[in-house]
Amino acid sequence: MRNPKWTRDELILALDLYFRNPPGKISGDHPEIVQLSALLNQLPVHPQKEKFQKFRNPNGVYMKLCNFLRFDPNYSGKGLQAGGKLEEEIWNEFASNRTKLAQIAASIRENAQYISRPQIGDIPDDEEFQEGKVLTRLHKFRERSPSITKKKKESVLNQKGKLLCEACGFDFEKKYGTLGRGFAECHHMKPLAELRANQKTKLSDLCILCSNCHRMIHRTKPMVSLEEFKKILR
Ligand SMILES: [Zn+2]
Ligand SMILES: [Zn+2]
């Protein structure tokens, strides 16, 4: 019975701890290790039935920190050679941007309690943002809230008379006639690390996108702004 592989959310939290408390300077019973172990046991990223004895116990968490040593140019030893590919990816993405890593980790810690396992379950891997599944889920919640998206579309229709994709100009009504009238997707533009569960979405946080552009902007890593996305389109 093997425990599941470490996911992006978990590795982000581990790498954040690594930079604050390098494993060479602390031992496996350090309070932060114990705390992270407890958090990982509650994180909604794995189904309960896939968690076995010793799942992310303090020793396992400590070993994971040691896995990162092999990428660290400041470490003279070899570090643990074993470890997954995702660890290296996450090291490369964040080692030179620790402020951002710390923000994302803080945001995951703060928001994890509001996201449940079944909600995470329907996010396909290719729609997971660089910031992990907890924050991806929160982003999707924000932009799918029926009341706020309805308001957003109404306000754009009132102002402009049409719902055009703000990136490519696509017009569902023009293409699909009455079937497409009033249809468009809303995308939440706030960086994921700044999302907070109890925060209200403002109309200005949302932009109107067609379904293609919305899928595509979700594939950018890290998520680009609408302006940057338009540059990609050009
Ligand atoms: Zn578009
Ligand atoms: Zn979106």
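Me: Is K54 buried or exposed?
Reply: The model is predicted, local features need pLDDT of at least 70, side-chain atom pairs count only at pLDDT 80 or more, and totals for chains, interfaces and linings use all residues. Residue numbers run from 1 along each chain as its sequence is written, with chains lettered from A and ligands numbered from 1 in the order in which they are written. Around K54, 11 other C-beta atoms lie within 10 Å. Buried takes 20 or more, exposed 12 or fewer, partly exposed the values in between, with C-beta atoms placed from the backbone, so K54 is exposed.

Me: What is phi of K54 near?
Reply: K54 sits in the loop between α2 and α3 (helices are DSSP runs of H or I, at least four residues, and strands of E, at least two, numbered from the N terminus). K54 is not glycine, yet its phi is positive, near 70°.

Me: Is R56 buried or exposed?
Reply: R56 is found in the loop between α2 and α3. Phi of R56 is positive too, near 45°. R56 has 23 other C-beta atoms within 10 Å, so R56 is buried.

Me: How are α2 and α3 oriented to each other?
Reply: Helix α2 covers residues 31–42 and helix α3 residues 58–68. Their axes (lines fitted to C-alpha atoms over the stretch in contact) lie 8 Å apart, at an angle of about 105°. Angles run from 0 to 180 degrees between N-to-C directions. Under 35 degrees is roughly parallel, over 145 roughly antiparallel, 65 to 115 roughly perpendicular and the rest oblique, so α2 and α3 are roughly perpendicular.

Me: Which residues of α3 meet α2?
Reply: Contact requires C-beta atoms, placed from the backbone, within 7 Å. From α2 come I33, V34, L36, S37 and L40. The contact of α2 with α3 has seven nonpolar residues, one polar and no charged (Ala, Val, Leu, Ile, Met, Phe, Trp, Tyr, Cys and Pro are nonpolar, Asp, Glu, Lys and Arg charged, the others, Gly among them, polar). On the α3 side are P58, V61 and Y62.

Me: How far apart are the C-alpha centres of domain 1 and domain 2?
Reply: Domain 1 spans 8–115 and domain 2 spans 145–233, with bounds from an automatic or database domain assignment. The contact takes seven residues from domain 1 and four from domain 2. The side of domain 1 that touches domain 2 has two nonpolar, three polar and two charged residues. The C-alpha centres lie apart by 34 Å.

Me: What is omega near for the peptide bond from K221 to P222?
Reply: P222 is placed in the loop between α10 (211–219) and α11 (226–233). The peptide bond from K221 to P222 is cis, with omega near -5°.

Technical notes
Contact = placed C-beta atoms within 7 Å.
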